[in-house]
Amino acid sequence: MGTENIVYGDKVIHLINQKYNGYNWDNKEEIKEYLANGEIGIATQCFGQKLDHKYLKIEFSSQPRITYSFTNWGEEGETPLELAYALTVHKAQGSEFDIVILIISEPCRLLSRELLYTAITRQSKKLVILYNAEAYKLRTYASMYFSDIASRFTSLFEKPKIVEIRKRYYEEKLIHRTSRNEFVRSKSEVIIANMLNENDIPYEYEKELVINGIKKLPDFTIDDVESGKTWYWEHCGMMNNPAYQKYWEEKKAFYESTGIKEGKNLIVTYDDENGGIDSVKIKNIIQEYFI
């Protein structure tokens with residue numbers, strides 16, 4: 001049926017919001033129930049004339065043991081079903097699957113922070129990513145530079161303040177921007193970056209560090225010209241999150257195994273339990289190590 005020639009056994013997705021006639025096989029009764037956009041099912045039966053089936057019965061994963069009847073539709077009008085062997089992130093939005101295989105190809109102008117988040121949260125047990133670049137590069141999409149939300153100007157009661165950064169435009173209050181006009185991931189990192197800049201201490205934000213073939217992205221890399229020493233500054237902002245805490249412990253252990261140790265050439269700061277940062281403490285650290 002339809003322009004995609006859907007047949008018995010095909011996996012399909014429902015594309016509209018509508019009520020249909022159905023049959024409950026457990027209760028042995030005719031029903032009329034609502035089907036939402038994005039429901040996924042299997043064509044379980046088709047019948048009618050031998051060469052021109054008039055009906056297609058679909059059982060959807062959200063409503064097992066219930067089948068819904070679809071009559072043939074042509075190119076005109078709204079298409080209720082499409083094949084669903086592979087789905088775009090937009091069509092999969094709102095659905096959840098045990099296992100998801102996510103395919104991402106660079107360059108991709110549509111890929112944003114929010115779209116990637118939607119994609120990786122469709123799975124409940126396992127996610128496999130097929131990517132044509134090195135995996136660590138996906139982390140760059142966590143930046144507000146790739147945020148669709150930050151580039152929407154939706155102020156209703158006041159004129160939005162628009163800023164231009166690298167030929168893109170953003171609502172200023174929705175981004176974390178340093179005095180050097182660069183994106184960082186949190187307000188705490190804005191404070192650290194600005195205080196380093198105010199004290200004329202050159203730094204690089206998330207500069208790639210490669211040790212024994214393993215790539216890391218320290219929050220701040222500071223080359224101390226006078227001592228010839230390189231310092232790495234990591235700010236931990238979500239230590240109340242077990243996954244984040246485990247990630248940081250593994251990263252710190254890796255640093256220590258390669259000679260990067262706290263107090264020697266590594267600075268570590270933390271948000272407090274309310275997500276705040278002590279700017280006086282940051283100032284004292286800068287004075288102690290770099291002034």
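In this predicted model, a salt bridge joins the side chains of Lys 207 and Glu 204, with N and O 3.3 Å apart. Both partners are partly exposed: Lys 207 has a relative accessible area of 34%, and Glu 204 one of 37%.

This pair is one of eight salt bridges in the structure. Another is formed by Glu 206 and Arg 139, whose closest N and O atoms are 2.9 Å apart. Glu 206 sits in the loop between strands S12 (204-205) and S13 (209-211), while Arg 139 belongs to the loop between strands S9 (123-131) and S10 (162-165), so the bridge ties together parts that are 67 residues apart in sequence. Here Glu 206 is buried, at 17% relative accessibility, whereas Arg 139 is partly exposed at 29%. A further salt bridge brings together the side chains of Glu 262 and Lys 252, at 2.9 Å from N to O. Lys 252 lies in helix H4 (242-257) and Glu 262 in the loop between that helix and strand S17 (266-270), ten residues apart. Glu 262 is partly exposed, with a relative accessible area of 41%.

Attention now turns to helix H2. In this helix, which spans residues 113-120, the buried residues are Leu 115, Leu 116, Thr 118 and Ala 119. Viewed down the axis of H2, they fall within an arc of 160°, so they line one face of the helix. The neighbours against which these buried residues pack are helix H1 (89-92) and strand S8 (97-104).

Finally, the cysteines can be considered. The count of disulfides is zero. Cys 108 is partly exposed, at 30% relative accessibility, while Cys 236 is buried, with a relative accessible area of 2%.

Note on methods: Residues numbered from 1 in each chain as written. Predicted model: local features only at pLDDT ≥ 70, side-chain atom pairs only at ≥ 80, totals over all residues. Heavy atoms only, no water. Buried < 20%, exposed > 50% of the residue type's maximum accessible area, 1.4 Å probe, protein only. Helix = DSSP H or I, 4+ residues; strand = E, 2+ residues; numbered from the N terminus. Arc of directions from axis to C-beta. Contact = heavy atoms within 4.5 Å. Disulfide = S-S within 2.5 Å. Salt bridge = Lys/Arg side-chain N within 4 Å of Asp/Glu carboxyl O.
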